[in-house]
2 protein chains.
Amino acid sequence: MSTRLSQLFVRTLREDPSDAEVTSHRLLVRAGYIRRQAPGVFAWLPLGLRVKAKIEGIIRDEMARAGAQEVHFPALLPREPYEATGRWTEYGDGMFRLKDRKDADYLLAPTHEEPFTLLVKDLYSSYKDLPVTLYQIQDKYRDEARPRAGLLRGREFTMKDAYSFDSSDEGLDRSYQAQRDAYERIFTRLGLPYVIVKADAGAMGGSKSEEFLHPTEVGEDTFVRSAGGYAANVEAFTTIVPDEIPLEGLAPATELAPHDTPTIDTLVAYLNEVAPRADRPWAGSDTLKNVILALTHLDGTREIVAVGLPGDREVDMKRVEVAFYPAEVEPATDADFAKNKGLVKGYIGPRALGSESFTGIRYYVDPRIVSGSAWATGADAQGVHVTNLVMGRDFTADGVLEVAQVREGDPAPDGSGPIETARGMEIGHVFQLGRKYAEILGLKVLDENGKQVTVTMGSYGIGVTRILAVIAESNNDEKGLVWPENVSPFDVHVVATGKDQVVYDVAEKLVADLEAKRLDVLFDDRPKVSPGVKFGDAELLGVPKIVVVGRSAGEGVVELWDRRTGERTPVPVAEAVAALVNG
Amino acid sequence: MSTRLSQLFVRTLREDPSDAEVTSHRLLVRAGYIRRQAPGVFAWLPLGLRVKAKIEGIIRDEMARAGAQEVHFPALLPREPYEATGRWTEYGDGMFRLKDRKDADYLLAPTHEEPFTLLVKDLYSSYKDLPVTLYQIQDKYRDEARPRAGLLRGREFTMKDAYSFDSSDEGLDRSYQAQRDAYERIFTRLGLPYVIVKADAGAMGGSKSEEFLHPTEVGEDTFVRSAGGYAANVEAFTTIVPDEIPLEGLAPATELAPHDTPTIDTLVAYLNEVAPRADRPWAGSDTLKNVILALTHLDGTREIVAVGLPGDREVDMKRVEVAFYPAEVEPATDADFAKNKGLVKGYIGPRALGSESFTGIRYYVDPRIVSGSAWATGADAQGVHVTNLVMGRDFTADGVLEVAQVREGDPAPDGSGPIETARGMEIGHVFQLGRKYAEILGLKVLDENGKQVTVTMGSYGIGVTRILAVIAESNNDEKGLVWPENVSPFDVHVVATGKDQVVYDVAEKLVADLEAKRLDVLFDDRPKVSPGVKFGDAELLGVPKIVVVGRSAGEGVVELWDRRTGERTPVPVAEAVAALVNG
């Protein structure tokens, strides 16, 4: 098939769109692939739709190979199933809700665990029916707070979401692996390098969870990896827990004389001055810092909690959000402090916190705060710190939380060496949901012994429109887009330049020959457009193989341009087709 | 490709779903093609999705052939463009509206004239860019008052909507014809007989409008046609207007003595008694009946209007709705009468109505009420009628409206003879919008002389999911579905019966041979299912070609079943492939 540029519905733009904050958005709009309709809501023009269809084709292909079957759910769904699982509320402002003419509540689905679970419940009843993995490629809706990165975070976006259903944990492992393998094949075919990282599973209530990240400096996600092969996103990184220390014989806690030491640095300096250690100077990591956070629970109630962590580390708010999900978290305000008179700002100590304390504020500590570890920390009075405050002897906590900053050089939890941090973009997520949804929605099957067992599920997602943007983000240069071959809107872009009839005759014949070889050809046949504009458009549109039919056409020579390398090779027109088919 | 029924996500049902009111809904649910998620909202199971994809494939193919280019708009759209054209309000309860987290108004688009117009305005600026026809296959939303006929009238449904853009009326005619021709090819390929009928263009503000109807007794639309080739839906039928009669010399109006004649029948009987005609008896068609209707305008105001028509015809409420769109219409209530003291129920005459009357109620008349025509009608006093009340002499009207019932035997407006009525289902609509949307939204291009001209548009729609239901509605028997070949989910359904290994060996080989011929095969390989259940499922699913591999497999014989005719033909297995490929 061929498409004539003179007929194609496209208009390239010289100027960047004023609202484009990322490269992919800028280039996809300028090259006429998409148009913005509202914040985070886009229309697809013919070129964009072609690329999207190619990505979807590769996904469908690999889903079929993995034994997954395609279905299609509505975007408009009734409230009740999402109410049952709590997500009607949990999604907060992130979910679009609406009412029909009878005042019944509906949502525009942000993800489809509930209806998939109910569908399998409707149709299947025996372990013999399982395993089954179903998927859809479908438009989803999330009312993002800041839909600013073009297709990377849209409010209406296309997603491939798959769900597996098994009657046993081993079955789930197999179904999960099949999807994971399919994802590896998909990203390979899409020409998209990826890292598989451990991800936090907490928010969705499941167990195993891995993300596929495309490593890129402009990525919005930070992940960590060790030379020994460990990889995790920062939310899922776990700290190596030191051994506990027997409490017997530890030095007693000692209060220091009051002094103005409101920060960790001033405290460390003061410690080295008034209570120097024999072995080495005091460091921030010897101190225990207590950070006060304010949670807003789903029911709207506000709760103050405290987190204790080594003084040389900050709290990582992304890890905090995961830890306290679905509550919203922010730093405590002056008003919060005012309401809790026991909290002495700058000198908050563990003794003011936790269930056994005088404030009653819940207190969580970093995994490094093990029983027997001794800390210099606040003593809950203005200017006063205490040393040798021992966990398990002088204070306790309500739980352990991983909310401290992760740093380059921290040891990987699997012993594979120190980690480094890198940036990436999430391109896929595979996830063992377990029995949460099946339990709530009553999806059970009869097992071999005629007993009802709850089905265990997996959930597997790829953001189709997001991936398209990620590919654009990593495949471009100052002139425009450079598509990987498998997703390019066309296989070849033939550019005819000049006014000689022979040029157009040669070009027409070449296009026909390429079509005969089943290549999709974009043919720039515009008679009154200058070569410069045509070349600029070709480079902006980003088809990886360009053929220029120009001045030398009369002598039977055309020029092959490799859009990625910039290489230009004159070839006899008779050889051009073979070169393009094989190249 | 082949699909094993043992693996396919499907469960056939013996019972009709309790909420199914039409055959297509009943069968598509029972055969495992769709599942209801909410009123008028359905999920597509693998079999249903296959049929839908085939229909979409044929549509895409013919759209490309007609030179239309595919794009894709969001369903979620901002209010403003629809506000500009008035449709934000006009759609009333039929449109799903919602707000985002910033309280901005959005809608789920019921149709996309506005964003298509704005897109072309964004990209194009010259007559040289035109014509262009764009289309999408996309999920639309309408909050139907009674979403009860399965896919025939869904609230979320898939539609192919195309829009043409031209700089001249002649161009619009050509673009319109190209889509009309494509529709003819599409319905032919879909195996869906159709009639093209004139449709009313008023509601959308355009000029020419035709509907494609699939004639079927269970159709919800009534249309009329003449033996001479006229066809129109009832809303678009026009009455032949009689010649006006000179007013001079017409007999004067005569009031009859009061008598209890509240109906046309009692009036005619009374007329024949007290004022017999010389030429023939009085008939209902000699009387003029005035019907009082209550309009509710978009701004919520209620207005009483009157319609005068020959007494032997009722008002057709569907025609009334079209005539008064976008106001809602209902018969006037007792309260309305109470408020308009001049209206004497049963004896309302033209003199009480119209701008020159004492009630001030707007008065519209049937086209047969021409100047000089004389009528027996109400005299606005209890029990009193008047004869020889002459239009243009004794009364006037505010306008002419086509709201009377259309009857078999009425003359076609094009002189092609008397009409008959028939029933059908709408399967497509082609429509010349003209300049309405372009005017409001400012879509202009420069013409040959450098002058700004407003673009003229066409709008062309096919309800994809509706068509699927229409096909199912017209292609079934008491055993289940019978798909036309072009839309069947599979080309061949191979049923292996019995327990002999040879049966499965022969069947596997046959399936492989059919796959090699590029046929899509559904293979019922279920080992423990009885032949009766397998046959029942095959007949319910409706693949038109069934091959039964059973008892005679050992002798190399299989049986070909033609699902539509029921014919069963034993053939040597060696010949089966050729028979299936060619048959």
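How many residues lie between strand 6 and strand 7 of chain B in the hairpin they form? Keep in mind while you look that this is a predicted model. The answer is five, and one residue in that turn, B:D103, has a positive phi of about 70 degrees.

Strand 6 (residues 96-99) and strand 7 (residues 105-108) of chain B run antiparallel and pair over four bridges. One spot to check is B:K99, which stands opposite B:D105 in strand 7 of chain B. In a regular strand, side chains alternate between the two faces of the sheet. Strand 6 of chain B has B:F96 and B:L98 on its covered face, while B:R97 and B:K99 are on the uncovered one.

Time to zoom out to where chain B meets chain A. Each side brings residues to the contact: 53 from chain B and 53 from chain A. The size of an interface is often given as the accessible area lost when the parts come together. Here the area buried between chain B and chain A is about 4,600 Å², with carbon and sulfur atoms giving 59% of that. On chain B's side, B:F9, B:R101 and B:L123 supply 17% of the area buried against chain A, more than any other three residues.

What about charges and polar groups? Between chain B and chain A there are seven salt bridges, and 24 residue pairs are in polar contact. The side chains of B:D122 and A:R35 meet in a salt bridge at 2.9 Å, N to O. Helix 5 (residues 113-123) of chain B gives the largest share of the side of chain B that touches chain A, with five residues. That side of chain B divides into 32 nonpolar, five polar and 16 charged residues.

Key:
Residues are numbered from 1 along each chain as its sequence is written. Chains are lettered from A and ligands numbered from 1 in the order in which they are written. This is a predicted model: local features need pLDDT of at least 70, side-chain atom pairs count only at pLDDT 80 or more; totals for chains, interfaces and linings use all residues. Side-chain values use heavy atoms; hydrogens and water are left out. Contact means heavy atoms within 4.5 Å. Buried area is the accessible area (1.4 Å probe) that two parts lose on being put together, summed over both. A salt bridge is a side-chain nitrogen of Lys or Arg within 4 Å of a carboxyl oxygen of Asp or Glu. A polar contact is a pair of N or O atoms within 3.5 Å; within protein, one must be able to donate a hydrogen and the other to accept it, and residues adjacent in sequence count only if both atoms are side-chain atoms. Helices (H or I, at least four residues) and strands (E, at least two) are DSSP runs, numbered from the N terminus. Ala, Val, Leu, Ile, Met, Phe, Trp, Tyr, Cys and Pro count as nonpolar, Asp, Glu, Lys and Arg as charged, and the others, Gly among them, as polar. Buried means under 20% relative accessible area, exposed over 50%, partly exposed in between (1.4 Å probe, protein chains only). Two strands pair if DSSP finds at least two bridges between them.
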